Amino acid sequence: MTPDKIQHYGDELYASLLSRQPVEPLTNRESEISIDDAYQIQLRMIQRRLDAGETVVGKKIGVTSRVVMDMLGVNQPDFGHLLSGMVFNEGEPVDTSRLIAPKAEAEVAFILARDLTGPGVTAADVLRATDCVMPCFEIVDSRIRDWKIKIQDTVADNASCGVLTLGGMRRSPRELDLALAGMVLEKNGEVVSTSCGASVQGSPVNAVAWLANTLGRLGITLKAGDVILSGSQSPLVPVLPGDSLYCHVGGLGSTSVRFI
């Protein structure tokens with residue numbers, strides 16, 4: 001894909017973010033678009049946000065479950081950038097009017113104490129480099145109309161990241177087995193899913209190692225202080241104003257979010 005097209009689509013997705021008006025799938029308009037092209041478009045979209053005053057605060061991992069991989073026709077996860085304008089603290093309501101078609105995912109967030117540079121990063125390296133983990137919600141959103149996405153569409157759209165909420169107890173990942181930690185997600189007081197950390201690449205720790213190694217091959221280091229969203233342990237849950245979500249992770253505590 002030519003640099004002009006990459007800039008055009010990155011600018012288009014940024015404009016969609018601001019206007020909350022979705023765009024047609026890129027894959028419908030560019031039959032030859034590659035995943036590498038999509039990541040270049042993602043970087044252009046992110047650069048527009050940085051130019052507007054936001055800062056990068058971490059990374060997110062997406063497409064971590066086999067069901068979603070099969071749906072998108074891929075055999076590995078993807079990643080996107082977390083920016084300062086995306087972060088909500090626990091108790092702070094999320095205004096759905098700033099989003100297009102939000103859906104929530106419950107997962108575990110890692111806060112790094114030390115840099116992680118791949119390739120060659122192992123799960124043990126991730127545990128040593130992590131300051132703490134906590135339950136969180138990622139509210140994904142798609143600038144692509146009606147969520148009609150293929151892997152190139154979601155990658156270009158910053159892995160469909162919307163906003164995120166951080167809250168609940170902070171614990172060292174060395175104090176519990178995240179692969180076995182059970183997660184319960186409730187919507188408006190009713191249980192909508194149960195799972196455990198093994199549903200994410202065998203363990204959320206493995207997902208973070210994958211991210212560090214994938215970024216390392218691109219010359220990118222995960223930095224101390226970065227927030228890393230390790231991948232959804234729940235189905236996508238559509239949310240509307242008035243909804244509330246509650247998530248509990250065994251040994252790690254709970255977090256909640258409400259939407260206005």
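**Reading the features**

Analyst: Happy to. Alanine 109 is found in strand β4; helices (H or I, at least four residues) and strands (E, at least two) are DSSP runs numbered from the N terminus. This is a predicted model, in which local features need pLDDT of at least 70, side-chain atom pairs count only at pLDDT 80 or more, and totals for chains, interfaces and linings use all residues. Residues are numbered from 1 along each chain as its sequence is written, and side-chain values use heavy atoms, with hydrogens and water left out.

User: Is alanine 109 buried or exposed?

Analyst: Alanine 109 is buried, since its relative accessible area is 0%. The cut-offs are under 20% relative accessible area for buried, over 50% for exposed, and partly exposed in between, using a 1.4 Å probe and protein chains only.

User: What is alanine 109 in contact with, leaving aside its neighbours within four places in sequence?

Analyst: With those neighbours set aside, alanine 109 is in contact with Cys132, Val133, Met134, Cys136, Leu166, Val227, Ile228 and Leu229. Contact here means heavy atoms within 4.5 Å.

User: How should I think about nonpolar cores?

Analyst: The general idea is that in soluble globular proteins, nonpolar side chains tend to be buried together. A nonpolar core is a set of buried Ala, Val, Leu, Ile, Met, Phe, Trp, Tyr and Cys residues joined through side-chain atoms within 4.5 Å. In this model the largest nonpolar core has 62 residues, and Phe110, Leu116 and Leu245 touch the most other members. Helix α7 (residues 204-217) gives the most to this core, 8 residues. There is also a second, separate core of 14 residues, including Ile46, Ala109, Cys132 and Leu166.

User: Which residues beyond four places in sequence are in contact with leucine 245?

Analyst: For leucine 245 they are Ala104, Phe137, Leu185, Glu186, Lys187, Val237, Val239, Thr255, Ser256, Val257 and Phe259. For a residue of helix α7, take valine 205. Valine 205 counts as buried at 6% relative accessibility. Beyond four places in sequence, valine 205 is in contact with Phe110, Ala123, Val126, Leu127 and Leu178.

User: Where is glutamine 233 found?

Analyst: Glutamine 233 sits in the loop between β9 (227-229) and β10 (237-238), and at 5% relative accessibility this glutamine counts as buried. Its contacts, again leaving out neighbours within four places, include Ala106, Val108, Met183, Cys196 and Pro204. For a strand residue, look at valine 140 in β5, which is buried with a relative accessible area of 3%. Among the residues that valine 140 touches beyond four places in sequence are Lys60, Ala101, Trp147 and Leu236.

User: How do I read the packing of two helices?

Analyst: Two packed helices are described by the angle between their axes and the distance between the axes. Axes are lines fitted to C-alpha atoms, for helices over the stretch in contact, and angles run from 0 to 180 degrees between N-to-C directions. Here the axes of helix α1 (residues 3-19) and helix α3 (residues 35-51) come within 8 Å and cross at roughly 50 degrees. Therefore α1 and α3 are oblique to each other; under 35 degrees counts as roughly parallel, over 145 as roughly antiparallel, 65 to 115 as roughly perpendicular, and the rest as oblique. Residues making the contact include Ile6, Tyr9, Leu13 and Leu17 of α1 and Ile41, Arg44, Met45 and Arg48 of α3.

User: What are the relative accessible areas of arginine 20 and aspartate 146?

Analyst: Arginine 20 is partly exposed at 36%, while aspartate 146 is exposed at 60%. The loop that holds aspartate 146 runs between β5 (130-140) and α6 (151-156).
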